[in-house]
Amino acid sequence: MTARLVWENLKHKPMRSLLSVLLIGVPVTLVLSLVGLSHGLSEDAQTRARGVGADIIMRGASTSKVAISFSGTTINEKYIGLIEQYPHVKMALGVVVKPVELPLNVMGVDLAEFSRMNGGFTYLHGVPLQDPDNDVLIDKYYAAQRHAQVGSTLTIMGRPWRVSGIIQGGKLARIVVDKKRLQFLESANGKVSVIYVKLDNPALADQVVEELRKDENWADFNIDTMEAFTSMFSVNNIEQVRIFTYVVIGIGVLIGFAVVCLSMYMAVLQRTREIGILKSLGGSNSFILRIVVIEALTLGLFGTVLGILMSYGACWVIGALVPASIPMIIVYSWWPIALVITLAGTGLGSLYPGLSAARHDPIEALAYE
Amino acid sequence: MSSGLIIETRDLRKTYKVGKVDVSALRGVDLSVQPGDFLAIVGPSGSGKSTLFHIIGGLTPPTSGQVHVGGRDLALLTDAGRTRLRKRTVGFVFQKFNLLPNLTARDNIAVARYIAGNHAGPDPEFQELLRFLGIDHRLDHKPNALSGGEQQRIAIARAIVNHPAILLADEPTGNLDTENSKAVLEVLCDLNKRLGQTILMITHNPEAAVFAHRTIHMRDGRIIEKT
Ligand SMILES: Nc1ncnc2c1ncn2[C@@H]1O[C@H](COP(=O)(O)OP(=O)(O)O)[C@@H](O)[C@H]1O
Ligand SMILES: [Mg+2]
């Protein structure tokens with residue numbers, strides 16, 4: 001019967017109910033989109049790092065220990081040969097990294113070496129770099145984002161490049177140029193940003209990392225197993241993202257709280273007489289409070305559902321506009337979290353109107369016009 | 001206090017504070033009601049009739065004096081105790097019908113059962129009563145689709161669905177035309193006769209008072225005459 005009462009109340013003022021649900025849903029969408037965005041970014045980075053096929057990564061010490069970017073070309077290429085003499089090291093690959101528009105990087109790669117490490121890129125369209133000075137490879141997401149085809153000319157790093165091939169995503173980079181060419185453009189001849197190391201036995205990665213770290217030669221390097229490196233991209237390990245997410249959640253809860261408080265307060269005012277009637281029938285204060293809280297929680301529930309639906313919409317729009325820069329995904333595990341957070345906000349928001357309704361004097365409420 | 005009475009008041013007083021002014025709504029009311037009584041209460045407006053009902057029905061506590069309703073001393077009841085009294089012991093019928101506008105007639109009655117903790121379906125007796133009230137075919141309509149007479153009969157059904165000891169009707173025909181008034185009064189009269197329902201009815205209409213066993217006249221918060 002409580003459900004019937006609540007439902008009829010919601011139906012009685014459909015515009016108010018729908019607006020409340022919408023206003024609750026918007027912050028839910030914001031939170032889910034933010035979470036989808038940060039998860040998407042980190043998963044995408046992890047996938048591409050793993051796609052390199054290396055077991056160990058060595059970065060110049062100037063790059064921060066837990067930064068996703070490895071800007072700067074600080075490693076002399078001659079080290080690559082030294083590393084390859086290590087026991088169990090099958091090959092080492094130097095890559096030049098140049099950040100362009102955040103979070104995108106251009107990577108300078110020697111395609112022949114890259115093939116030796118992991119079989120090379122998969123070409124969806126076109127061919128490998130023909131003219132190393134002017135050609136670029138892009139993955140399908142960046143191609144979609146830039147509306148580019150094979151043969152298109154793209155401006156990257158302030159100069160024109162011809163797209164010679166469109167590659168399957170998921171390996172190293174979205175934008176690939178010739179290593180030597182990028183070194184030249186960056187005035188970093190003979191230097192690379194990062195060295196990927198492949199072992200003859202991946203199970204020995206930890207052991208080899210230990211040995212490399214002990215070696216004086218690499219004192220200036222950050223050396224990690226690929227597994228440890230990719231786990232640094234995990235959303236939970238990126239403090240700033242976590243704090244930002246909490247802040248947005250806080251704002252969302254505040255909005256949900258305020259919307260429900262206002263909406264229920266108005267509803268309670270409008271229903272003063274009905275509250276008097278319920279009291280005259282013997283409805284207790286807790287019964288009145290319960291009805292208001294349940295109505296608010298119902299709004300919160302529908303708001304969450306709408307928020308989830310709208311997050312699909314956001315995902316679709318972003319996927320259509322900037323699939324390469326923002327690889328947003330739907331993170332199902334956050335649905336229950338969003339629901340609990342929303343219900344907490346709406347439940348709290350309904351307390352004040354609910355208590356003020358419960359405290360109405362029945363005679364005055366019945367006399368209310 | 002003597003037993004056997006369903007309502008008994010002694011020197012009942014009620015003072016409302018309006019800002020800094022005290023308004024004496026009741027100034028010493030002595031009233032005794034037997035079970036099965038049908039009592040009409042008349043008097044000019046402002047004479048304290050509704051206030052008397054509000055106290056007997058547990059909507060507000062008395063300021064002083066004694067009130068016993070259904071064997072309970074209302075002066076001792078807490079807010080929660082008065083809520084229980086409204087659930088089970090009294091049923092209200094108001095001039096303005098006071099149905100919940102969002103609910104159908106059926107649900108209006110069901111809400112009263114639900115609040116009283118009566119979760120079983122309506123008994124056959126009650127179905128019979130709905131037929132007798134002439135509203136059994138109107139139950140799925142919301143109040144705004146019902147005539148005033150129908151709404152008031154639904155309100156009566158709602159007031160007695162939990163078999164209260166006392167039915168308090170505050171100007172039940174005040175918003176009805178002659179024909180509907182007559183129908184409602186006949187229903188009340190019949191409830192009193194058939195079920196022995198104790199009824200207290202406030203009215204302005206001398207013709208309505210005729211239906212009752214006896215009439216009490218109020219003025220300035222006192223009973224001035226009993227007939
Ligand atoms: N809730 C209230 N607050 C203040 N004064 C009230 C209240 N209810 C009734 N009164 C006053 O008490 C007196 C009696 O009112 P009431 O019992 O409604 O009379 P009646 O029903 O006979 O017209 C009136 O003067 C009225 O203004
Ligand atoms: Mg009155």
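Residue A:I275 belongs to helix α10 of chain A, where helices (H or I, at least four residues) and strands (E, at least two) are DSSP runs numbered from the N terminus. The structure is a predicted model, in which local features need pLDDT of at least 70, side-chain atom pairs count only at pLDDT 80 or more, and totals for chains, interfaces and linings use all residues. Residues are numbered from 1 along each chain as its sequence is written, chains are lettered from A and ligands numbered from 1 in the order in which they are written, and side-chain values use heavy atoms, without hydrogens and water.

With a relative accessibility of 6%, A:I275 counts as buried; buried means under 20% relative accessible area, exposed over 50%, and partly exposed in between (1.4 Å probe, protein chains only). Beyond its neighbours within four places in sequence, A:I275 is in contact (heavy atoms within 4.5 Å) with A:V268, A:I288, A:A357 and A:H360. A distance of 59 Å separates the C-alpha atoms of A:I275 and A:L104, which are 171 residues apart along the chain.

Helix α9 of chain A comprises the 32 residues 239-270.

Together with A:L19, A:L22, A:V26 and A:L30, A:M15 makes a nonpolar surface patch of about 460 Å². An α-helix has 3.6 residues a turn, so residues three or four places apart point the same way.

In chain A, strand β8 (residues 159-167) contains A:S164, a residue that counts as buried at 1% relative accessibility. A polar atom of the side chain of A:S164 lies 3.3 Å from the backbone oxygen of A:P128. Among the residues that A:S164 touches are A:G126, A:L129, A:D135 and A:V150.

Most residues other than glycine have a negative phi. B:F97, however, has a positive phi near 65°; B:F97 lies in the loop between β6 (90-93) and α3 (105-115) of chain B and is buried, at 10% relative accessible area. B:H163 likewise has a positive phi, near 50°. B:H163 is in the loop between α5 (148-160) and β7 (166-170) of chain B and counts as exposed, at 53% relative accessibility.

Terms used:
Patch = residues over 30% accessible without salt bridge, like charges linked within 9 Å, V, L, I, M, F, W, Y side chains within 5 Å. Areas by Shrake-Rupley, 256 points an atom, 1.4 Å probe, with all protein chains shown as cover. Salt bridge = Lys/Arg side-chain N within 4 Å of Asp/Glu carboxyl O. Expected span 1.5 Å × (residues − 1). Polar contact = N/O pair within 3.5 Å; in protein donor to acceptor, adjacent residues only side chain to side chain.
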